[in-house]
Structure formats: C-alpha cells, structure tokens
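Try each one yourself before reading its solution.

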Amino acid sequence: MQAVTLDVLLAVPVLLTRILDPGHGSGFGMKAMMWGHTGVFVFSFMCFVYGVVSCLVGKTPYIPLVADAAGRQL
C-alpha cells in the first residue's frame with residue numbers, strides 16, 4: 001500500500017502543472033513547478049533508500065507520512 005501511495009504522489013506535480021499552466025517556461029509558475037518536481041523526486045528517492053536499507057537490515061520499512069495515508073485507505 002505504501003508503494004501505491006508513493007505512485008499517486010508522483011502524479012501530484014503533473015496535475016498541478018496542468019492546473020496552473022506556467023506558460024512558456026518563465027515566471028513564478030515555472031519555478032514553482034520545478035520546486036514541486038524536485039521535492040517529490042527527493043522525497044521518493046529518500047523513501048527508496050530508506051526501504052532498501054530497512055530490507056537489508058531485516059526490518060519492514062515504515063515511512064511515517066506514507067504509511068499513515070496507506071493505512072487510511074484500508
């Protein structure tokens with residue numbers, strides 16, 4: 001369930017881009033879009049690293065924000 005929640009999280013910047021339509025690649029909209037994509041990428045990458053390290057240690061990965069959201073969907 002955590003993987004599904006992370007997959008949905010990856011679609012959020014695309015939806016915001018289509019809603020805000022930053023124009024021709026300049027201005028505040030474009031900068032906000034770049035920050036959003038960068039933030040989601042860094043968060044997803046850190047979740048991946050945490051999951052791999054947790055599995056190597058032999059523990060079940062529990063990502064607080066993602067696990068709570070996944071638990072609410074059950």
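Two residues are in contact when heavy atoms of theirs lie within 4.5 Å. Keep in mind that this is a predicted model.

**Exercise 1.** Find where Ile-63 sits, and work out whether Ile-63 is buried or exposed.

*Solution.* Start with the place: Ile-63 is in the loop that lies between H2 and H3. Next, take the cut-off: buried means under 20% relative accessible area. Ile-63 has 10%, so Ile-63 is buried.

**Exercise 2.** Which residues is Ile-63 in contact with, once neighbours within four places in sequence are left aside?

*Solution.* You end up with Gln-2, Cys-47, Tyr-50 and Asp-68. For a distance to check, pick Gly-51: its C-alpha is 8.4 Å from that of Ile-63, with the two residues 12 apart in sequence.

**Exercise 3.** Sort out which residues of helix H3 are buried, and on which side they lie.

*Solution.* H3 runs over residues 64-72, and its buried residues are Val-66, Ala-67, Ala-69 and Ala-70. These cover an arc of only 165° around the axis, so they sit on the same side of H3.

**Exercise 4.** Decide whether Phe-41 is buried or exposed, then find the patch Phe-41 belongs to.

*Solution.* Phe-41 is in helix H2, residues 28-57. Exposed means over 50% relative accessible area; Phe-41 has 57%, so Phe-41 is exposed. Phe-41 is part of a nonpolar surface patch whose members include Val-42, Phe-45 and Leu-56. Together, the residues of this patch have about 990 Å² of accessible area.

Notes
Residues numbered from 1 in each chain as written. Predicted model: local features only at pLDDT ≥ 70, side-chain atom pairs only at ≥ 80, totals over all residues. Heavy atoms only, no water. Patch = residues over 30% accessible without salt bridge, like charges linked within 9 Å, V, L, I, M, F, W, Y side chains within 5 Å. Areas by Shrake-Rupley, 256 points an atom, 1.4 Å probe, with all protein chains shown as cover. Salt bridge = Lys/Arg side-chain N within 4 Å of Asp/Glu carboxyl O. Helix = DSSP H or I, 4+ residues; strand = E, 2+ residues; numbered from the N terminus. Buried < 20%, exposed > 50% of the residue type's maximum accessible area, 1.4 Å probe, protein only. Arc of directions from axis to C-beta.
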